[in-house]
Amino acid sequence: MLLYKTASGPILRDASRCVRVDRDWETLVNDPDLRRVLIESAGGLDADENLLKQTESPLAPIGERQEIWAAGVTYYRSRDARMEESKSAGGGDFYQRVYDAPRPEIFFKATPHRVVGPGGRMRLRSDSKWIVPEPELVLLVAHTGDIVGYTIGNDLSCRDIEGENPLYLPQAKTFDRCASVGPAIYVPSEGAIDSGAAVTLRVDRGGDTAFEGQTTLSQMKRGHEELVGYLMRENPHPYGVLLMTGTGIVPPDDFSLASGDLVTIGIGPIGELCNAME
Ligand code: DO4
Ligand code: MG
């Protein structure tokens, strides 16, 4: 089941059938029983052309009072790339240590006004010369700590700023339009998202593919519940929260995003999230 946030309210979609969900977005996405609510609504699914059209231009699936947090160095590839970029700052040691430690890296990423949705324009920081997209599975977590759904995220990151000094991480990660999420919240009818799901990244530049890569969710070193456990520890999220779970795709060191690039991230059953860089 895919739940879209649209200008006229939440819409549930299954293939080409849709139904309006008669709840406001804020309470819906913070409901630990979201799956049951959607299964009940699914009884009214219909081939409604008008609703279907609205799901084709969805908003970012985030509540007005929700924050985005992020986990890092959860894939071997990210550990490797970070060790390399921060060599002169002593990074060889601290990224390896966090990869192996019981406590994961968890950091604050964005508030809703810094977030764009599908088709939105993300911003390349003017004081960075090395910016990369980070395609990540995003967990939708209710205030109780229950993982109630999944979406796709782009944790846009300035590798030169974070590589210069780890204390610069907040500037490398958090700025105007630094995060994108969408296109919908995926709620499996039962169980969790399939760990074999593919994650893909493509960057189109002037009609050519400037970079493409892929991985699977099973390459992630940590469990989803483990990450959420640390996210919620001594840090309540009364309106629910979105957690980016880290990247397993890092372009080569000579690659940086440029203005006009089109970044497309796909994750198995969730669909594709596409954004232009400005
Ligand atoms: O440690 C820096 C950030 C890591 C990150 O964002 C990732 O691994 O995805
Ligand atoms: Mg990341």
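I count a residue as near a molecule or strand if one of its heavy atoms lies within 4 Å of it. With that in hand, I went to ligand 1 and found 15 residues surrounding it, the closest being Val73, Ser78, Glu105, Lys173 and Thr247.

Ground rules, before I go on. This is a predicted model, so to speak of local features I need pLDDT of at least 70, side-chain atom pairs count only at pLDDT 80 or more, and totals for chains, interfaces and linings use all residues. Residues are numbered from 1 along each chain as its sequence is written, chains are lettered from A and ligands numbered from 1 in the order in which they are written, and side-chain values use heavy atoms, with hydrogens and water left out.

**Ligand 1**

I looked for polar contacts (pairs of N or O atoms within 3.5 Å; within protein, one must be able to donate a hydrogen and the other to accept it, and residues adjacent in sequence count only if both atoms are side-chain atoms). Serine 78 puts a polar side-chain atom 2.6 Å from an oxygen atom of ligand 1. For lysine 173, I read 2.7 Å between an N or O atom of its side chain and a ligand 1 oxygen. Arginine 82 also has a polar side-chain atom by a ligand oxygen, at 3.4 Å. Then I checked the cover: ligand 1 taken alone exposes 280 Å², and the protein buries 99% of that. Those areas come from the Shrake-Rupley method with a 1.4 Å probe; for residues, only the protein chains shown count as cover.

I place it in the loop between strand E4 (67-72) and helix H4 (76-85); helices (H or I, at least four residues) and strands (E, at least two) are DSSP runs numbered from the N terminus. Its phi is positive, about 55°, although valine 73 is not a glycine. Valine 73 is buried, at 4% relative accessible area. My cut-offs: buried is under 20% relative accessible area, exposed over 50%, partly exposed in between (1.4 Å probe, protein chains only).

**The magnesium ion**

Which residues hold ligand 2? I get Glu134 (OE), Glu136 (OE) and Asp155 (OD) as the protein donors of the magnesium ion, 2.0 to 2.1 Å from it. Donors here are N, O and S atoms within 2.8 Å of the metal (3.2 Å for Na, K and Ca); water is not among the atoms, so sites may look incomplete. Along the chain the donors follow the spacing E-x1-E-x18-D. Glutamate 134 sits in the loop between strand E8 (131-132) and strand E9 (135-141) and aspartate 155 in strand E10 (residues 147-155), so this pair ties together parts 21 residues apart in sequence. I find both glutamate 134 and aspartate 155 buried.

**Rings**

I have five aromatic pairs in the structure. The rule: rings of Phe, Tyr and Trp (its six-membered ring) pair if their centres lie within 6.5 Å, with planes under 30 degrees apart stacked, over 60 edge-to-face and the rest tilted. Why do I call phenylalanine 94 and tyrosine 95 tilted? Their ring centres are 4.8 Å apart and their planes stand at 55°, so tilted it is. Phenylalanine 94 is partly exposed at 28% relative accessibility, whereas tyrosine 95 is buried at 8%.

Phenylalanine 211 and phenylalanine 255 make another tilted pair, 5.9 Å centre to centre with 45° between the planes. This one links distant parts of the chain, 44 residues apart: phenylalanine 211 is in strand E14 (residues 208-216), phenylalanine 255 in the loop between strand E15 (241-244) and strand E16 (262-267).

The charged end of lysine 221 sits over tyrosine 99, 4.9 Å from the ring centre.

Threonine 245 is in the loop between E15 and E16, and at 0% relative accessibility I log it as buried. A polar atom of the threonine 245 side chain lies 2.7 Å from the backbone oxygen of leucine 137.

I found a cis peptide bond from glycine 182 to proline 183, omega near 5°. Proline 183 belongs to strand E12 (residues 179-186).

Alanine 15 has a positive phi, near 50°, without being a glycine. I find alanine 15 in the loop between strand E2 (9-14) and strand E3 (17-20), exposed at 60% relative accessible area.

Technical notes. A charge sits over a ring if NZ of Lys or CZ of Arg is within 6 Å of the ring centre and within 35 degrees of the ring normal.
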